[in-house]
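Dear colleague,

I am passing on the structure below, and after it I set out what was found when it was examined. Please read the notes with the model open beside them.

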Amino acid sequence: MPPREILLGVVGKTNVGKSTFFSAATETSVEMENRPFTTIEPNIGISYVRKKCVHTKLGLPKCTPRNSICIEGNRFIPVKLMDIAGLVPGAHLGRGLGNKFLDDIRQADAILLVVDASGSTSEDGVPVKPGSFDPIKEVELILNEIDMWIFNNVKKDWSRFARTLDTGSYTDKYSIIAQRFSGFSIKKEHVIQAFEEIGKTPSKLTTWSDEDLLEFVKVLRRKSKPIVIVANKSDRPSAEENIKRLKEKFPEIPVIPTSSVAELALRHAAKKGLIRYIPGDSTFTVIGDLNTKQREALESIKKNVLGKWGSTGVQEALNTAVFKVLNMITVYPVEDATHYTDKDGRILPDAYLVPKGTTARELAYMIHTDLGRGFLYAVNAKTKQRIGENYVLEDDDVIKIVSTL
Ligand SMILES: Nc1nc2c(ncn2[C@@H]2O[C@H](COP(=O)(O)OP(=O)(O)OP(=O)(O)O)[C@@H](O)[C@H]2O)c(=O)[nH]1
Ligand SMILES: [Mg+2]
């Protein structure tokens, strides 16, 4: 089984810039020779997280990437991005695209919650005077829609389910409850964590009130669908104060100031050969002939976005979701631990995103079932030391697996 594909859902009220974010994040100037993912639905695109490539740390002049891209020492590793239709209040009751929207969300590993930080779109997505709508309300609205949707779905049959669990003798109630929520990709570990957090055990479910169930659902959602707040339209003056407020209001959620239009413009300009810009950079260099309009647009981006926030935020939002919120690390499997190559001599061909805590043997299984089954030992290519199956992988490890099969 190859490493799990990561899917990030771009979620938000209507007209906040979800599609612009999606276009910017999936626009690339470098084509990969073989597409990393097999099935791509229309609203799904490929985006990349950015990391310093391990070849630079190893003092190698270059690498030969296969499942990813390396631009000037920066490894870009693919993840899937889903552009989800705009959400309106009452979606959980079927309003707007209602259930379609919520259905998409359940597949996502993490949510990029896009808000209009400039406060210039109303609850229903209608343009209003900048600063007149509070993006904090947007975050609350969306989280509430997701919570209510899960709650309503689970509540339907809850009392019977609760009775069965309370009266039957089950050894692993957590698993059964996880199954009940599996349609929302909620796993057993999330269920265990949620019970811990609400200070209950799965023994007297029949005594739960609706409020108890809703509280449980909220905690489950937080555990299973972690969020990054994409504070979009940060190029507008009215965004600054709101971004500060968002950070204060949601201290446990990363808030990333973002200008999707700026990122899209930079990527287009780079693609046309007008500028040199690597996604996530804090600046760009002009290398082509710009007309006045182009020059003014780029200067404005430099001043109002890059100069002010340090980057457009698009790359940072993706990186935060994958590395901080989903806790992924990067490992590089190789077949030759001396030269860091695969059997065809490609240097550091693959960069895998794996959850923190993954062991050497689990990595072997991800590369190939046979490698996992016949696992003998692994070699840490950086230190040339042998490591056992229970070795917990570290970020940027380069690993050779030795197997009987
Ligand atoms: N100033 C500014 N405008 C933006 C930014 N991102 C998007 N917009 C504008 O906001 C409007 C809505 O953008 P979309 O990307 O279509 O928004 P959406 O969230 O996909 O909208 P729906 O699909 O209708 O829900 C467009 O006019 C964009 O040009 C940004 O970073 N800054
Ligand atoms: Mg859209």
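Leaving aside its neighbours within four places in sequence, with which residues is Thr 341 in contact? Taking contact to mean heavy atoms within 4.5 Å, Thr 341 touches Val 334, Glu 335, Asp 336, Arg 346 and Ile 347. Thr 341 sits in the loop that runs between strand 10 (328–334) and strand 11 (352–355), and it counts as buried because its relative accessibility is 9%; here buried means under 20% relative accessible area, exposed over 50%, and partly exposed in between, with a 1.4 Å probe and protein chains only.

Before going further, please note that this is a predicted model, in which local features need pLDDT of at least 70 and side-chain atom pairs count only at pLDDT 80 or more, while totals for chains, interfaces and linings use all residues. Residues are numbered from 1 along each chain as its sequence is written, chains are lettered from A and ligands numbered from 1 in the order in which they are written, and side-chain values use heavy atoms, with hydrogens and water left out.

As to the overall fold, the protein chain contains 14 helices and 14 strands, these being DSSP runs (helices H or I of at least four residues, strands E of at least two) numbered from the N terminus. The radius of gyration is 23 Å, close to the 22 Å that the globule rule gives for 405 residues, so the chain is as compact as a globular protein of that length; the radius is taken over C-alpha atoms, and the rule is 2.2 Å times the number of residues to the power 0.38. Along its principal axes the C-alpha trace spans about 65 × 65 × 35 Å, and buried residues make up 53% of the 405 residues.

The domain assignment, whose bounds come from an automatic or database source, gives domain 1 (7–132 + 226–323), domain 2 (147–221) and domain 3 (337–403). The contact between domain 1 and domain 2 takes seven residues from each of them, and their C-alpha centres lie 35 Å apart.

Finally, Leu 371 lies in helix 14 (residues 369–373) and, at 19% relative accessibility, counts as buried. Apart from neighbours within four places in sequence, Leu 371 is in contact with Ala 364, Ile 401 and Ser 403, while Leu 371 and Thr 404, 33 residues apart in sequence, are 7.7 Å apart in space, C-alpha to C-alpha.
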